[in-house]
Amino acid sequence: MAIAEISNQKLQELFSFKDRVAIVTGGTSGIGFEICRRLIEADATVLVAGTHEDKAKQAVEKLTASGEKAIPAIVDVTQSQSVEALAERAIAEFGHLDIWINNAGVIPVKPALDTTDEEWQQTISTDLTGAFYGARAAARRMQTAGKGGVIINIASSLAFRGVPDQAAYVASKWGVRGLTAALAIEFGPSNIRVLAIAPGLTRSAKMLNIIDTANAQAGGSIQDQFAATLPLQRLAEPDDIARVVVFAASDLALFMTGSTLLADGGEVYGAGVTAAT
């Protein structure tokens, strides 16, 4: 879309996803579910992709309570054939694919010396290789259609720093950040934007389970202690991240590509400052 066309549009039009088809991996719960909900609210048609058919159907039932457009889908992001089939399904059913969100991921917490080969490979295969498979599958269809599109990778605040006991996860998310920059350069001439969103600690069900385990080991509230170090003094809710994703996917961000956008409450650049003062 030309700059002149955009400059004459109203903000509500730039936030509209009418007639756009999106795929969200890991869309059945947590951040992914909220991304689906917000995209549907903005009038997108969304394939809600997960690894289990029953969970995908349950998520869609919640999302379609008011008649919105959501379709359950199954994908194993560690298998390129499965990812390609998901992308092809969008083309077969709707004729185009406009937005792809690589949200599926795992978050192992284990000392590096205790991490098995299988655990390392599973993390890299899901969090990094899965993002590559998704971006590649989406870009192939978007290039063929010749209308551009948006690919968004969910990274992490740990794509900017390191922590103990999460070597595989940290490595995968640094990789996602680099992958985003590289693909943005390669896909830019096809008018395909590639961005990453880097959440901080988020109160998703998956993360709360991890926090509960850490609390039991530490004998205290890890999340409260961590939140106290942040400039915004709280953890993220899944919808905090979803709203940033919707902005990045919208035409408001039409000149943005290659960036990794922090949605971390100030963790990377401000953590510890509040506590210290």
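Glu41 and Arg38 form a salt bridge in which the closest N and O atoms are 2.9 Å apart, the term standing for a side-chain nitrogen of Lys or Arg within 4 Å of a carboxyl oxygen of Asp or Glu. The two residues are three apart in helix α3, so about one helical turn separates them. Glu41 is exposed, at 53% relative accessible area, while Arg38 is partly exposed at 22% (buried means under 20%, exposed over 50%, partly exposed in between, with a 1.4 Å probe and protein chains only). Through shared partners, salt bridges join Glu34, Arg37, Arg38, Glu41, Arg234, Asp239, Asp240 and Arg243 into one network.

This is a predicted model, in which local features need pLDDT of at least 70 and side-chain atom pairs count only at pLDDT 80 or more, whereas totals for chains, interfaces and linings use all residues. Residues are numbered from 1 along each chain as its sequence is written, and side-chain values use heavy atoms, with hydrogens and water left out.

Asp239 is buried, with a relative accessible area of 14%, whereas Arg37 is partly exposed at 30%.

Elsewhere, helices α6 (residues 117-145) and α7 (residues 167-187) pack at an angle of about 15°, their axes 8 Å apart. They are therefore roughly parallel to each other, a description used for angles under 35 degrees.

Notes
Axes fitted to C-alpha atoms, helices over the stretch in contact; angles between N-to-C directions. Helix = DSSP H or I, 4+ residues; strand = E, 2+ residues; numbered from the N terminus. Parallel < 35°, antiparallel > 145°, perpendicular 65-115°, else oblique.
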